[in-house]
Amino acid sequence: MDQLSDDNSNKRTKHEVAEVKKIKGTVLLMKKNLLDFNDLKAKLVDRFDEIRGHKVSLQLISAVNGDPGILGKPAYLDWDTKITQITAADETFSVNFEWEEEVGVPGAFIIKNSHSNEFYLKTVTLEDVPGHGRIHFVCNSWVYPAENYKKDRVFFSNQSYLPTKTPLPLRHYRQEELQTLRGNGTGKLEEWDRVYDYEVYNDLSEPEMGTKHARPILGGSSEYPYPRRGRTGRPTAETDPRHESRLPLLKSLSIYVPRDERFSHLKLSDVIAYGLKSVIQFLVPEAEAKLDKTPSEFDSLKDILELYEGGIKLPIKLPDFPFLESIRKEIPLPILKEILRTDGERPFHFPMPQVIKGMIKFLSKDKSAWRTDEEFAREMLAGLNPVVIRLLQVNKSFLVVRIYAIHYSTEK
């Protein structure tokens, strides 16, 4: 009897070992950054969290079994504990899942960030999933510490479904995700919230500063329900609860926008770089204008063209300046690369308008192209409201027959 039990035990153990399969996963993410730099303080805190056992975990969700889908065992990200990278960049991490037969083919996963700082999750890729093969998840979202969320962060595979065709195990998670994105219309929204809600324009007025700063509320009426703005949930004004309090000018950049919709570090670097260049481009002509005989005025068209021409020209032929180009390639910061351009740009002057640049290139340096009828028509068609363009209607009562040699009856 004992021998039979031992045999059954051995068979069961072998069966369990045979059922345990590993799924290798690759995670692509970007750690918290400040413009073009990694946040070194955040990296140190994350490293300390890893030592304390506060890790980043992922759980697969079945797309074929359960309602809601069966969850797999948590797998922990193999977080890099070495502080080697200074500039902000994508980093690749590995994760190994224990595949269970009852889970089957996963269609989504839950991620829990137990660190103290957020990170930007780009993609998750699973290799050699039994019965399916490769599964790719496109995420492109900031993941904040789990304590900031009321519900788990769920990401779905790169597979589109109509609502009625969504696999039953995933419908519950889809509905929860939609509810999170819609919000409940109450409370102040924080930077980690992912609510896309709308509100009337009731933040244009400052009733605390008197009637001079009063503004009407735009939208919300039966006659004019629009326009609408993104809801922020800021407190109401103390003197008039119909209006929402305004942020001070210095804090205006911290207004609530879903974090995934904010500028990326590359885009923000470009904005700052162009802002710095614009300040310089403005200050130099302004200083020259103050020293002119007619301050703040253009004496001729030549003065206008000098806003774009002259000054220091950066090298445009890179093979002629290999040293400068090699230095630029070694610069890891996009903001400095934008400032140190090597395409012939003049750093202290405004960029040449495309219409003038194009005409100079193709029409033998004709700088008066902006005065042609063709350019005027192009600007009108590409303007703010091309619908206002109308066919010219001549008032026939003002026609002089002797000049135009036209009689009204012959025009019919």
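1. The largest pocket holds about 1100 Å³ of space, and 33 residues line it, with Leu253, Ser254, Arg259, Arg262 and Phe263 the closest to its centre. The model is a predicted one, and the points below should be read with that in mind.

2. As to composition, the lining of the largest pocket divides into 16 nonpolar, seven polar and 10 charged residues. Strand E2 (33-34), strand E9 (119-129) and helix H4 (265-290) each contribute at least two residues to this lining, and the largest share, three residues, is that of H4.

3. Phe263, already named among the residues closest to the centre of the largest pocket, sits in the loop between strand E13 (229-230) and H4. Phenylalanine 263 counts as exposed because its relative accessibility is 51%, where exposed means over 50%. Together with Leu268, Val271, Ile272 and Leu276, Phe263 forms a nonpolar patch on the surface, and the accessible area of these residues together is about 420 Å².

4. Arg259 is another of the residues closest to the centre of the largest pocket, and its side chain meets that of glutamate 191 in a salt bridge, at 4.0 Å from N to O. Since arginine 259 lies in the loop between E13 and H4, and glutamate 191 in the loop between helix H3 (168-182) and strand E12 (198-199), the pair ties together parts that are 68 residues apart in sequence. Arginine 259 counts as buried at 19% relative accessibility, the cut-off for buried being under 20%, whereas glutamate 191, at 42%, counts as partly exposed.

5. The structure holds 17 salt bridges, and one of them joins glutamate 244 to arginine 234, with the closest N and O atoms 3.2 Å apart. Both residues lie in the loop between E13 and H4, so this pair ties together parts that are 10 residues apart in sequence. Glutamate 244 and arginine 234 are both buried, and they belong to a network of salt bridges that also links Asp203 and Arg229.

6. Glutamate 50 is part of helix H2 (residues 40-51) and forms a salt bridge with lysine 55, in which the closest N and O atoms are 3.2 Å apart. The two partners can be set side by side: glutamate 50 is buried, with a relative accessible area of 8%, while lysine 55 is partly exposed, with a relative accessible area of 30%. Glutamate 50 also has its C-alpha atom 7.7 Å from that of tryptophan 79, although these two residues are 29 residues apart along the chain.

Methods
Residues are numbered from 1 along each chain as its sequence is written. This is a predicted model: local features need pLDDT of at least 70, side-chain atom pairs count only at pLDDT 80 or more; totals for chains, interfaces and linings use all residues. Side-chain values use heavy atoms; hydrogens and water are left out. On a 1 Å grid over the protein atoms alone, a cavity is a set of points where a 1.4 Å probe fits but cannot get out, and a pocket is an open set with protein on both sides within 12 Å along at least five of seven lines; lining residues have an atom within 4 Å of a point. Grid points are joined across faces, edges and corners, and a volume is the space filled by probe spheres set on the points. Helices (H or I, at least four residues) and strands (E, at least two) are DSSP runs, numbered from the N terminus. Ala, Val, Leu, Ile, Met, Phe, Trp, Tyr, Cys and Pro count as nonpolar, Asp, Glu, Lys and Arg as charged, and the others, Gly among them, as polar. Patches are made of residues with over 30% relative accessible area and no salt bridge: like charges are joined within 9 Å, nonpolar side chains (Val, Leu, Ile, Met, Phe, Trp, Tyr) within 5 Å. Accessible areas come from the Shrake-Rupley method with a 1.4 Å probe; for residues, only the protein chains shown count as cover. Buried means under 20% relative accessible area, exposed over 50%, partly exposed in between (1.4 Å probe, protein chains only).
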